[in-house]
Amino acid sequence: MLGQRLIGGLAKWLTVSGARPSRRHVLGTGAAAALLLLGTPVALTGCSPWSSGREGPDQLEAPARRAETDAAQASAVAQMAAGMPNRTGAELAAAAKSLAADRTAHANALRAELHRVHTGTASTTRAPAPPPAAPPAAAPDLANAQSALTEAMHSARDEAAALVMTLPGYRAALLASIAACCATHAALLA
Amino acid sequence: MTPFPLRRPHPDMETYRGKGVTSDPDMSPYRERGDGERGVPVGALQAALAAEHAAVWAYGLAGAFISGTLAGQLGKAETVHMARRDATERALIDAGARPVQPEPGYLTPEPVTNAASALRLAITAETDAAAAWRSVIARSPADPDVRESALDALTTAAVQATRWRAAADADPATVPFPGAP
């Protein structure tokens, strides 16, 4: 086992390096970008690092809302599953409870970052309380509730992972941890 | 029971002990000339490679104490880190850097003497790897070239750490911010 080396699957670096633009190309692009920056100092003063120069809600707003919704949904599932007598119910209740706790932590961290950046602006207003989670089904259905949570974790991971590619360092790292955490919950629920 | 003589003990053992099996999570010693050239965060990647070396070493040690179905999972996790180590070495070479070498041995946070302590070592190795890869994301430019691989590595480490915690009956088995300091 120790002597075995698997190079498939994870060899992303190789493909990346193969497709990498030449140094000259990069330098050329950089110079062009620098000229562009020099030429438009006024236009840039209004830019914020998180908005890439366009108006609109902060990009952390959507993942913050999603985290709040997930937390509410997981809490509802935990409550419902805890009422079930069987072992599956107890296990799902525990999983949903820890999911709710982690997603609440995500929401708080994202809200804190939003607050830090937007202090004093109109957009600091906290989003209205998350909509109450719709009960997963009329009849408590553990399997449905479980797959709904799993699905939610996949969506949350994908949303956060997409933002990791474009946001500045600190925010990208925060979203990366959130994406990874959602992946761990999806793995546990599956 | 360590296969190699231990080396590089930190002068401050108490500080060191809290930091898992890699030598220094923030890894500033690995910063190199050319860091950031072509957008590749060489210093952070070297730190991640160091964490992968440590993980491979840790799994080699843990494997001696774990049997049954967990041994199969352990072998797979070890293979993942070997592949990641090799890919990271190639990325560093591509960036014109000389990849860091593994240490002959590492200090473990506690003596590894049975399955339970071996499992905790595996959790530590995954936690360290997650932290190193998160740092790569924080220090790389906002484009997918480096970040996609780093996010994949962070996620894989976080999921594996969670699986080991679940196997160790830890409650909760998850952490809200894998890789965060």
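This is a predicted model: local features need pLDDT of at least 70, side-chain atom pairs count only at pLDDT 80 or more; totals for chains, interfaces and linings use all residues.
**Entry 1: helix H2 of chain B.** I found 19 of its 21 residues buried, so H2(B) is largely enclosed by the rest of the structure. I then checked its extent. H2 covers residues 42–62 of chain B and reaches 30 Å from its first C-alpha to its last. At 1.5 Å a residue, the span expected is 30 Å, and the helix comes close to that.

**Entry 2: chain B as a whole.** I counted five helices and zero strands in chain B. From the N terminus, I read the order as α-α-α-α-α. Of the 181 residues in chain B, 52% are buried. I also looked at contacts in chain B between residues at least 6 apart in sequence; 73% of these join residues at least 24 apart.

**Entry 3: two helices of chain A.** I turned to H4 (residues 61–82) and H6 (residues 142–164) of chain A. Their axes come within 11 Å and cross at roughly 165°. Angles over 145 degrees count as roughly antiparallel, so I noted H4(A) as roughly antiparallel to H6(A). The crossing of H4(A) past H6(A) is left-handed.

I listed the residues that make this contact. From H4(A) they include Ala62(A), Pro63(A), Arg66(A), Asp70(A) and Val77(A). From H6(A) they include Leu142(A), Leu149(A), Ala156(A), Glu159(A) and Leu163(A). Sorted by class, the contact of H4(A) with H6(A) has 13 nonpolar, one polar and three charged residues.

How values were computed:
Residues are numbered from 1 along each chain as its sequence is written. Chains are lettered from A and ligands numbered from 1 in the order in which they are written. Helices (H or I, at least four residues) and strands (E, at least two) are DSSP runs, numbered from the N terminus. A residue is buried if 20 or more other C-beta atoms lie within 10 Å of its own, exposed if 12 or fewer, and partly exposed in between; C-beta atoms are placed from the backbone. Two residues are in contact if their C-beta atoms, placed from the backbone, lie within 7 Å. The expected span of a helix is 1.5 Å times one less than its number of residues. Axes are lines fitted to C-alpha atoms, for helices over the stretch in contact, and angles run from 0 to 180 degrees between N-to-C directions. Angles under 35 degrees count as roughly parallel, over 145 as roughly antiparallel, 65 to 115 as roughly perpendicular and the rest as oblique. A crossing is left-handed if the near helix is turned anticlockwise from the far one by less than a right angle, and right-handed if clockwise. Ala, Val, Leu, Ile, Met, Phe, Trp, Tyr, Cys and Pro count as nonpolar, Asp, Glu, Lys and Arg as charged, and the others, Gly among them, as polar.
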